[in-house]
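This report concerns the aromatic residues and the nonpolar core of one model. The sequence and structure come first.

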Amino acid sequence: MRISDCAACYVYYLEAVFWGAERDIKKGLSIKGIIYNVLRNGMLPLNTFYYDSDLIIRYFLYYNFLKPKILRGYASSLFYMANFIEENNLKIHYPKAIISSAETLWPEMREKIEKVFNSEIYDSYGSREVSQIATECSMHDGLHV
């Protein structure tokens with residue numbers, strides 16, 4: 001779980017993660033896995049490398065129920081999910097912010113993701129070994145190390 005910058009507040013938030021690395025996220029979805037990750041890691045991990053329509057709809061049932069404040073994921077996964085939501089006319093919870101990583105976030109991807117999720121997206125760069133290396137700020141004019 002994350003703690004806000006205000007040490008006196010101790011505000012926790014949940015993040016949803018559209019990911020695909022099998023060593024991080026298993027295929028499918030289990031209640032036990034969701035509970036474990038939400039309580040232990042403060043995140044709802046959703047494997048987006050298996051594009052099964054029924055599974056994705058179940059993802060959004062949990063996503064809408066838990067109402068994560070942050071949405072993070074591969075640029076292509078965020079883009080795919082945005083298209084899926086739009087094509088299937090799904091009603092979704094809007095996160096406060098979106099963080100794209102692992103791949104190039106192209107302008108048309110940024111536009112679609114922000115429109116569908118009704119939230120600002122921040123591009124970031126990182127690696128498995130170091131995690132976050134650089135991230136955009138609200139100016140969206142390059143990455144800060």
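Phe60 is buried in this predicted model, because its relative accessible area of 3% falls under 20%. Phe18 is likewise buried, at a relative accessible area of 0%.

| Residue | Relative accessible area | State |
|---|---|---|
| Phe18 | 0% | buried |
| Phe60 | 3% | buried |

The two residues form a ring pair. Their ring centres lie 6.0 Å apart and their planes stand at 80 degrees, so the pair is edge-to-face. Ring pairs join Phe18, Phe60, Tyr63 and Phe117 into a cluster.

Beyond its neighbours within four places in sequence, Phe18 has contacts with Leu46, Thr48, Phe60, Leu71, Arg72, Gly73, Tyr74, Ser77, Leu78, Met81 and Phe117.

The largest nonpolar core holds 27 residues, and those touching the most other members are Phe18, Phe60, Tyr63, Leu71, Ile113 and Phe117. Two or more residues come from each of strand E1 (15-19), helix H1 (31-41), strand E2 (43-47), helix H2 (53-66), helix H3 (75-87) and helix H4 (107-117). Among these elements, H3 gives the most to the core, with six residues.

Notes:
Residues are numbered from 1 along each chain as its sequence is written. This is a predicted model: local features need pLDDT of at least 70, side-chain atom pairs count only at pLDDT 80 or more; totals for chains, interfaces and linings use all residues. Side-chain values use heavy atoms; hydrogens and water are left out. A nonpolar core is a set of buried Ala, Val, Leu, Ile, Met, Phe, Trp, Tyr and Cys residues joined through side-chain atoms within 4.5 Å. Buried means under 20% relative accessible area, exposed over 50%, partly exposed in between (1.4 Å probe, protein chains only). Helices (H or I, at least four residues) and strands (E, at least two) are DSSP runs, numbered from the N terminus. Contact means heavy atoms within 4.5 Å. Rings of Phe, Tyr and Trp (its six-membered ring) pair if their centres lie within 6.5 Å; planes under 30 degrees apart count as stacked, over 60 as edge-to-face and the rest as tilted.
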